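Me: I'd like to learn how to read the packing of a helix in a model. Could you walk me through it?

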Amino acid sequence: MKYLNPKADLTFKRVFGEHPDLVMSLLNALLPLTADQEIADIEYLPSEMVPENPLRKNSIVDVRCKDKQGRQFIVEMQMIWSPEFKQRVLFNASKAYVRQMSVGEEYELLQPVYSLNLVNEIFEPELEGYYHHYQMIHVENSDKVIDGLQLIFVELPKFTPHSYSEKRMQVLWLRYLTEINDETREVPEELMANPEVKKAVDALEVSAFTDAQLAGYEKFWDIISVEKTLYNSAERRGIAAGMAAGKAEGKAEGLAEGMTKERHLIALNMKKQGVSFDLISQCTGLSIKEIELL
């Protein structure tokens, strides 16, 4: 049997954006929920959050859903790490939180928003763990928490299924995301023994996709390859500019300038290849208007 990689845009959205039971299982496994907080039902919400002010930028996420309590869950698969990604995650989660309340409603009606971000690169090399949980806490008394936004980042390359302290389903889902790819011909028995993970594996079979979808899948990986190359190039130029300036500010300015140019170049190349403006915006962080003007 031949499979596709679950981390691609096409496959990730098919598995977790079309099967409520699977995204619910993933969220219960990876979110910091106690037994009495576990999700029992899921309803999908539009993945595009249109701003009330038309001059402001649309937000597009991979998967967005809520449960009967009104808690919202955002799930993102990020192939390439960039310094702006944390700000984008905070922006999207904050927008989802604020948009819960209509005019005249009480603040106590607001429900928490959980943002789960699966990152295919190491972005915290100085930290051992792969699981990073952010929330609003009192600086001096960390047991004092303001509920509302919970941001979770998972560094997939750091994950190894060796710790017995990890939840079993957490291990299975992370193994699914890190071990299944285009080279997979036989799926480990432990993954296929779990009904939910097996269903997610079956959804990756190449035979389940049309020729047009497979062509789009291949184009996605081409785009990721180009973007990674250009990002690394921009980073090197930024470091070189900083060294030439002889100060850290020069490095930061050079990197920022290089990244801006590279983002525009990536967007222009993707536009020429006929990639949708929504996907270009997701990959580059540029607004639809900026892309139109290229």
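**Reading a helix in its surroundings**

Reply: Gladly! The protein has 10 helices and 8 strands, where helices (H or I, at least four residues) and strands (E, at least two) are DSSP runs numbered from the N terminus. This is a predicted model: local features need pLDDT of at least 70, side-chain atom pairs count only at pLDDT 80 or more, and totals for chains, interfaces and linings use all residues. Residues are numbered from 1 along each chain as its sequence is written, and side-chain values use heavy atoms, leaving out hydrogens and water.

Me: Which residues of helix H6 are buried?

Reply: Buried means under 20% relative accessible area (1.4 Å probe, protein chains only). In helix H6 (residues 195–202), Val197, Ala200 and Val201 are the buried ones. They lie on the same side of H6, because they cover an arc of only 100° around the axis, taken from the directions from the helix axis to the C-beta atoms.

Me: What covers the buried residues of H6?

Reply: The cover includes helices H1 (9–17), H2 (20–30), H4 (168–179) and H5 (189–192).

Me: Where does leucine 191 sit, and is it buried or exposed?

Reply: Leucine 191 is in helix H5 and is buried, with a relative accessible area of 0%. Contact means heavy atoms within 4.5 Å. Beyond its neighbours within four places in sequence, leucine 191 touches Leu172, Arg175, Tyr176, Ile180, Val197 and Lys198. Its C-alpha atom is 7.3 Å from that of tyrosine 176, 15 residues apart along the chain.

Me: How many of the protein's residues are buried overall?

Reply: Of its 294 residues, 44% count as buried.

How values were computed: Buried means under 20% relative accessible area, exposed over 50%, partly exposed in between (1.4 Å probe, protein chains only).
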